[in-house]
Amino acid sequence: MVLPDSAGRTAAGHLSVGGCDLGELAARHGTPLYVYCEATIRNRLRAYRAGLDAWPAGGDVLYAAKAYLSPALVRILVEEDCGVDVVSGGELEVALRCGLDPRRVSFPGNNKDAGEVAAAAHAGVGHLVIDSERELDLVNGAATDTRVRGLLRLSPGVKPDTHDYISTGQLDSKFGFGIETGQAMAALDKALTIANLELRGVHMHIGSQIFNLGSYPEAVNVVADFLVEARRKHGFVAQTFSAGGGLGIAYTDDDEPPTVSEFMRVVTESVGRAFAARDLPLPTLLVEPGRSVVGSAGVALYSVGARKEIPGVRTYVAVDGGMGDNIRPKLYGARYQPILVRAPDSPGEEVITIAGRYCESTDILVRDCSLPTLREGDIIAVPAAGAYSLAMASNYNASPRPAVVFVSGGEARVVRRRETIDDLLRSEVMDGVHSPAAS
Ligand code: PLP
């Protein structure tokens with residue numbers, strides 16, 4: 001289902017999440033507004049943790065911060081006994097400043113700079129996920145008292161069933177050392193010579209928004225074959241294996257993704273089988289889910305504004321957000337299923353295209369959707385907006401980014417206030433600029 005676990009209807013028949021009327025939230029906090037259901041986030045994290053319970057060698061759930069990161073979310077991760085997967089020095093610092101245990105942090109990324117490698121080494125992160133020869137050199141040169149714990153990111157040469165733009169496991173990818181080209185073995189050869197590095201294992205992440213879980217066993221087998229070769233050549237044994245993230249979510253009722261439990265069953269069974277068959281010891285297992293933790297938890301609210309009917313062609317209904325807060329439709333043709341908050345169960349009366357407010361023709365949020373006739377000021381909810389939307393939000397057209405509220409048990413708390421123009425100007429150098437407000 002596209003809505004958060006706690007979605008329901010108020011006595012007036014409005015759409016609610018976490019016991020809060022979405023229309024009231026929009027009136028109180030303004031729009032665009034991102035509403036996150038805490039229960040959904042916790043339920044998904046718990047399902048991932050439960051999937052590891054039966055794994056004999058132990059493991060960890062490292063939430064992929066790139067999907068959406070905020071101090072409020074880090075607090076939930078800590079409360080739910082999860083770690084985090086960061087892909088930049090910025091994400092690392094946010095996670096650490098918000099109280100995450102550095103040993104529960106994994107740090108992939110294809111082009112970390114010397115500062116990021118040094119920060120990770122200094123913090124003592126759980127794993128630096130090494131993605132290039134240059135990164136090996138940076139680790140080699142890092143001034144650190146303790147050895148950096150690392151995983152080698154492998155590219156297993158498996159293309160999952162997802163959009164090309166979010167597929168990462170195939171050979172032609174900027175991520176990971178290719179196994180079939182011999183580059184992974186060359187990287188291992190080199191990694192094992194670096195005194196600063198404690199190479200603990202290997203990592204893969206084959207892509208995102210994956211529905212067909214068959215790609216995981218396929219990739220795991222390729223990785224396990226590589227580990228057999230690594231043992232033969234170097235006596236190297238992986239203590240840790242990260243299977244990455246990638247589980248898809250439903251954006252519309254047509255989408256039927258596997259559940260978190262199914263994902264965890266496929267991953268644990270395939271790793272267990274592949275390692276046992278090759279007489280490799282079972283590794284500590286890491287998973288790095290992002291989208292499937294926060295995606296369905298988030299609902300974006302917009303107010304309806306202008307309407308443009310082009311007879312015989314199309315009707316555009318514009319809302320007060322768009323590509324500035326959610327670039328996914330423009331980036332990779334993402335589809336959504338909007339709902340009218342005051343009448344969520346009313347049948348569609350017209351087919352419209354929901355346009356954003358940004359000055360770009362391609363700023364279309366939802367193309368050709370069927371909704372009851374919209375009035376100016378109506379609130380539209382766009383479900384499944386919790387991942388890779390706000391995280392990629394911009395200030396295009398000098399637009400302040402939206403506020404965010406977390407809802408639970410009928411309570412809504414603002415976890416991010418709406419930006420102001422002052423926020424936008426904060427980093428600008430105003431020397432010599434005439435500011436009427438200051439005179
Ligand atoms: N791990 C790595 C290395 C990633 O690049 C990503 C995102 O693509 C993830 C985990 C999370 O993926 P997803 O949000 O599809 O679960």
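Helix H2 covers residues 38–53, and its 16 residues reach 23 Å from the first C-alpha to the last, close to the 22 Å expected at 1.5 Å a residue (the expected span is 1.5 Å times one less than the number of residues). Welcome to a predicted model, where local features need pLDDT of at least 70, side-chain atom pairs count only at pLDDT 80 or more, and totals for chains, interfaces and linings use all residues. Residues are numbered from 1 along each chain as its sequence is written, and side-chain values use heavy atoms, leaving out hydrogens and water.

**Helices**
- Helices here are DSSP runs of H or I with at least four residues, strands are runs of E with at least two, and both are numbered from the N terminus.
- Buried residues in H2 include Glu38, Ile41, Leu45 and Leu52 (buried is under 20% relative accessible area, exposed over 50%, partly exposed in between, with a 1.4 Å probe and protein chains only).
- Helix H12 spans residues 421–425 and holds Ile421, which counts as partly exposed because its relative accessibility is 45%.

**An open sheet**
- Three strands form an open sheet in the order E1-E2-E3, with antiparallel pairing (strands pair if DSSP finds at least two bridges between them).
- Its edge strands, E1 (8–9) and E3 (20–21), each pair on one side only.
- Strand E2 (residues 15–17) joins E1 in the antiparallel sense over two bridges, and Gly8 stands opposite Ser16 in E2.

**Around Thr315**
- Thr315 lies in strand E15 (residues 314–319) and is buried, because its relative accessible area is 15%.
- Leaving aside residues up to four places away in sequence, Thr315 touches Arg307, Lys308, Glu309, Val351, Ile352 and Thr353 (contact means heavy atoms within 4.5 Å).
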